[in-house]
Amino acid sequence: MASAAVNSAIEKLANVQLNELSTSSSPNLQKNLSILSPEQIDLGKMLLEMGQGHLFEHWPDPGVEDDEKKALLTQVASLNSSYPGGLASYIKTAKELLADSKAGRNPFDGFTPSVPSGEVLTCGDDKFIEYEEVGVKQVQNAAFVLVAGGLGERLGYRGIKIALPMETTTGTCFLQHYIESILSLSEASCKQAQGESQRDVPLVIMTSDDTHERTLQLLESNAYFGMKPTQVKLLKQEKVACLADNDARLALDSNNKYKIQTKPHGHGDVNALLYSSGLLKEWKDAGLRWVLFFQDTNGLLFKAIPAALGVSETKQYHVNSLAVPRKAKEAIGGITKLTHTDGREMVINVEYNQLDPLLRATGHPDGDDNCETGYSPYPGNINQLILELGPYIDELTKTGGAIKEFVNPKYKDSTKTEFKSSTRLECMMQDYPKTLPPSARVGFTVTENWLAYAPVKNNADDAAKVPKGNPFHSATSGEMAIYGANSMILQKAGVKVDDPITQVFNGQEVEVWSRIVWKPTWAVTFSDVKSKVSGNNSVSQKSTLIINGRNIFIEDLSLNGALIVDSIDDAEVKVGGSVQNNGWAIETIDKDSTELPEEVRIRGFRIKKTEQLKQSYDEPGKFFLKS
Ligand code: UGB
């Protein structure tokens with residue numbers, strides 16, 4: 001009886017909607033109302049109102065391909081629920097942005113760019129060390145968010161990027177390094193807080209259909225790299241509907257007329273996902289104060305995080321973007337101060353493809369050009385953002401996590417009436433400050449390139465073509481940057497590390513430093529490194545040094561070869577004396593060799609392990625390694 005009543009109610013509702021629709025221009029949808037649920041009829045009506053009648057044009061009479069028709073509306077329901085404001089809002093914004101794009105309207109109209117001022121840090125100096133100390137204290141109050149939904153089309157690697165070895169001396173992958181860094185930082189933070197109970201610092205990973213399963217598998221097959229599984233949350237971003245033309249008509253799949261084409265919406269999705277997941281509120285209730293966002297393949301990033309967090313805390317920044325000196329035309333956004341004729345001001349990332357035209361349009365005939373320092377005056381955004389949680393929640397409560405979008409259609413010709421292929425709206429997480437009130441404290445922190453930024457984004461062929469002097473951002477340069485940074489940090493801590501030699505791999509000329517690698521348990525700050533090296537230490541260029549243990553102290557070591565020291569936490573090991581052996585060499589390989597794994601080919605070299613001294617200390621006690 002009850003179900004008959006429900007059915008009759010549904011029928012009545014369908015009839016009402018059918019009447020409403022009878023004035024519409026979609027007889028095909030109207031004919032098929034009987035096979036649809038009331039919710040699906042509602043969605044159909046919304047689509048008609050938004051000018052999407054073409055989605056039903058080919059629909060046959062009821063009884064034919066009914067499952068496919070329902071599948072289309074199921075997809076519409078999911079596109080509708082995963083977008084803040086729903087699909088109608090998506091189509092409305094798309095119409096506006098497409099009209100602006102066709103008219104050639106500049107999104108920065110009325111704004112004049114100028115060079116902003118921010119905190120500029122030098123690794124190892126007093127200010128840097130002070131900020132690091134303040135930052136480490138704050139880690140206990142932070143949550144980390146890794147955006148890892150990108151497919152890595154530019155890199156052309158078939159796996160997920162966070163599973164790539166960050167360096168091949170130890171083979172540690174990006175995700176392992178990130179997790180171990182967070183764990184070590186959190187432990188250091190707890191020690192500083194003295195007595196306060198240690199909190200499990202949360203890590204969120206934003207995935208997508210392209211990366212979700214493999215990310216989960218990577219975590220599960222490695223016991224979450226030491227994190228508690230409950231500490232890690234995966235939030236999957238959904239794709240958005242593609243647009244076929246300037247009227248924002250949704251594009252149907254060319255192989256399936258009951259399926260709307262979809263594409264990724266960009267890393268800006270992370271805001272809406274964090275908001276709708278309820279995590280932000282949970283974190284606030286637990287007393288957290290900071291949310292740190294970072295990207296998938298920057299193996300240096302954690303060297304700059306403690307100091308940058310210290311800057312956020314000291315300057316009470318609501319938004320702090322980490323930046324590095326940027327070569328003009330380098331494919332990273334520039335941090336820019338924008339001043340509008342109406343008095344509005346904001347410090348914001350201007351994406352690399354927009355900075356040059358904006359500068360040219362505002363009285364800088366050379367556009368995006370290097371200044372006397374050899375760098376662009378606009379610092380490069382490395383998309384490591386530190387947001388203060390309270391103001392972040394306040395803002396997202398207003399916006400629901402939606403942030404300013406853009407559209408980038410590729411037109412067939414100058415009439416701008418047709419697209420080469422479908423487009424979609426996109427959004428970037430660094431555009432978050434665009435909606436903030438003028439009272440918001442938005443700043444940035446610049447550190448040296450070698451310390452903080454070595455992403456792996458470009459495939460070998462594209463990297464070999466970057467303008468001379470600009471960074472390659474490849475697997476080759478990314479790995480070499482780790483050795484370079486570790487060598488330079490040790491130099492600053494007083495170790496004599498030989499200068500690098502220059503070598504060419506996969507068509508890229510790079511500096512090859514000693515292969516020095518340490519686990520985050522050994523050192524997460526510059527002060528940690530300084531406290532663990534003393535006396536006269538020297539490391540030759542051909543050397544490899546792997547330090548894996550909390551209480552390993554390097555004292556009067558002369559290394560010319562390969563040395564690996566492993567120790568448990570309860571062992572204290574002094575490493576000194578002269579270590580000489582044939583070591584591990586860097587061997588050039590052919591990137592097209594089908595016998596080698598892709599992870600190796602994209603670097604153009606591999607490590608040839610000839611001879612090493614390896615010492616492991618797995619009993620508590622004090623030890624002295626001296627050969
Ligand atoms: N990402 C997602 O999680 N989801 C998506 O839909 C897309 C990406 P790219 P991009 O630091 O060098 C950014 O593709 O977008 C993740 C800044 O916009 O590597 O070209 C993806 O997995 C730019 O200003 O970079 O450029 C990855 O972790 C500049 O700072 C991250 O988002 C540049 O990064 C970035 O995606 C940079």
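Domain bounds here come from an automatic or database domain assignment, and the model shown in these views is a predicted one.

**View 1. The chain falls into three assigned stretches.** Domain 1 covers residues 2-82, domain 2 covers 100-457 and domain 3 covers 462-626. Between the C-alpha centres of domain 1 and domain 3 there are 63 Å.

View 2. At least two lining residues come from each of α14 (449-452), α16 (475-492) and β20 (508-512). Helix α16 has the largest share, with seven residues. By residue class, the lining has 17 nonpolar, eight polar and five charged members.

**View 3. The ligand sits among 24 residues.** V147, Q237, N381, Q430 and Y453 come nearest to the ligand. Strand β14 (residues 376-388) contributes most to this shell, giving three residues. The shell is made up of nine nonpolar, 11 polar and four charged residues.

View 4. Look for G266, where a polar backbone atom is 3.1 Å from a ligand oxygen. At G333, a backbone N or O atom lies 3.3 Å from an oxygen of the ligand, while Y352 places a polar side-chain atom 3.5 Å from a ligand oxygen. The ligand taken alone exposes 710 Å², and the protein buries 89% of that area.

Key. Residues are numbered from 1 along each chain as its sequence is written. This is a predicted model: local features need pLDDT of at least 70, side-chain atom pairs count only at pLDDT 80 or more; totals for chains, interfaces and linings use all residues. Side-chain values use heavy atoms; hydrogens and water are left out. Helices (H or I, at least four residues) and strands (E, at least two) are DSSP runs, numbered from the N terminus. Ala, Val, Leu, Ile, Met, Phe, Trp, Tyr, Cys and Pro count as nonpolar, Asp, Glu, Lys and Arg as charged, and the others, Gly among them, as polar. A residue is near a molecule or strand if one of its heavy atoms lies within 4 Å of it. A polar contact is a pair of N or O atoms within 3.5 Å; within protein, one must be able to donate a hydrogen and the other to accept it, and residues adjacent in sequence count only if both atoms are side-chain atoms. Accessible areas come from the Shrake-Rupley method with a 1.4 Å probe; for residues, only the protein chains shown count as cover.
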